[in-house]
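Please report on the ligand site and the domain layout of this model.

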Amino acid sequence: MGKVAFITGILGQDGAYLAEFLLGKGYEVHGLVRWDSGLCSYEYYSRLYSLDLIDRITLHEGDMIDANSLNHIIKNIQPDEIYNLAALSHVKVSFETPSSALQINTVGTLNVLESIRILGLEDKVKLYQASSSEMFGSAPMPQNENTAMQPCSPYGVAKLAAYHLACVYRRSYGIFISNGILFNHESPLRGGDFVTHKVTRGVAEISKGRCDPIRLGNLDSVRDWGAAQDYVRGMWMILQHSEADDFVLATGRSRSVRDFVSASFKVIGRQIEWKYEGINEKGIDSQTGEVLVVVDPEFFRPIELEYLLGDPTKAKDILSWSAQISFDQLVQDMVMADIELLSIEKNNAVGRSYAQ
Ligand code: F7E
């Protein structure tokens, strides 16, 4: 019999890739889905459908902030491994709904930790806690497991509180709990309101004739971007280590939002020239002069976390983990997937209009 895994946040990018990875390892995979009015719609499960997972996993309705529902589910499943990925994960949104960010990201994690104790699973279950590089905030870079954290957003504060709770429960009750402190990781399944997918979708649309430019916030922001598929493998490796511990997963290389945009346009054979400064800055096609990118203050954050660069040495030395998918490959995969998706959407629309 394979091991049993329970994934909170299974509908997200990481949840879907992790489910696929664990199925490949022979796991029985269960996932938590929050009740939602879209619960019966295809869109709600789109990532699971796109990886052909929906019939190979078991989904349970519950809620991270409803401790009783979590207790019931975990009691029924009796998991060997829990991957706590559920979160309000958009940093800008966490400024707008800070209370929800704390409820879901911190209290939700506390509920999982308490479930393990209440059900007496301390010696049976291993818990992976999805911690985030956003916890480092304005800390000097490169950031690693020993860097003092200075979060700059409600999201970062909520994740840092959850990280500390995980450490306290590990020390206090001897539960196998490990934090993966993951830097930004992207893929074609990334939500469309994160900058990478917003850009690659925009580039794909422009390649198909869109005329208005992509509107972005802070182009100077620098992130250590890796590929989600590498990072879910890392999550699993963290739990297979002989002892519970905390690990940074990162590529060790950073790029600016501007670099990400230029690399994305390069995939469709267009070269960007950056002109003007501040909110007047524009990304212009160097051959045609067409304005392809503009700055829109709507996407600025109350405080911007300018520079994140991870130091993954510990994960490399102890787990033999390293990112395999290069930045250029990641950008290429995302742009090409969006171009393909646009073609499918267009064909479906044509199909629908013929059918009417
Ligand atoms: O922003 C800048 C923005 O929203 C990246 C989450 O997975 O990674 C993610 O958080 C940068 C920021 O990701 C736009 O200001 C410019 O500096 O893609 P993002 P994030 O905030 O780094 C961490 C590790 C997590 O844990 C989080 O859950 O890009 N930026 N213009 C923009 N960002 C967005 N979203 N939209 C723009 O138009």
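## Ligand contacts

A polar backbone atom of V195 sits 2.9 Å from an oxygen atom of the ligand. The side chain of K198 places an N or O atom 2.8 Å from a ligand oxygen. R223 brings a polar side-chain atom to 2.9 Å from an oxygen atom of the ligand. On its own, the ligand has 700 Å² of accessible area, and the protein covers 96% of that (Shrake-Rupley method, 1.4 Å probe; for residues, only the protein chains shown count as cover).

This is a predicted model: local features need pLDDT of at least 70, side-chain atom pairs count only at pLDDT 80 or more, and totals for chains, interfaces and linings use all residues. Residues are numbered from 1 along each chain as its sequence is written, and side-chain values use heavy atoms, with hydrogens and water left out.

## The shell

S89, S132, S221, R301 and E304 come nearest. By class, the shell holds eight nonpolar, eight polar and six charged residues. Here Ala, Val, Leu, Ile, Met, Phe, Trp, Tyr, Cys and Pro count as nonpolar, Asp, Glu, Lys and Arg as charged, and the others, Gly among them, as polar.

## Two domains

The chain splits into domain 1 (4–187 + 225–249) and domain 2 (195–222 + 255–308 + 327–355). The bounds come from an automatic or database domain assignment. Both domains give residues to the shell, so the ligand lies between them.

The centres of domain 1 and domain 2, taken over C-alpha atoms, are 29 Å apart. Each domain puts 18 residues into the contact (heavy atoms within 4.5 Å).

## The interface

About 1500 Å² is buried between domain 1 and domain 2, with 72% from carbon and sulfur atoms (accessible area lost on being put together, 1.4 Å probe, summed over both parts). In domain 1, K92, F95 and W225 lose the most area to domain 2, together 43% of what that side buries.

Across this interface the rule finds zero salt bridges (a side-chain nitrogen of Lys or Arg within 4 Å of a carboxyl oxygen of Asp or Glu). Two residue pairs are in polar contact, both at pLDDT 80 or more (N or O atoms within 3.5 Å; within protein, one must be able to donate a hydrogen and the other to accept it, and residues adjacent in sequence count only if both atoms are side-chain atoms).

Key:
A residue is near a molecule or strand if one of its heavy atoms lies within 4 Å of it. Buried area is the accessible area (1.4 Å probe) that two parts lose on being put together, summed over both.
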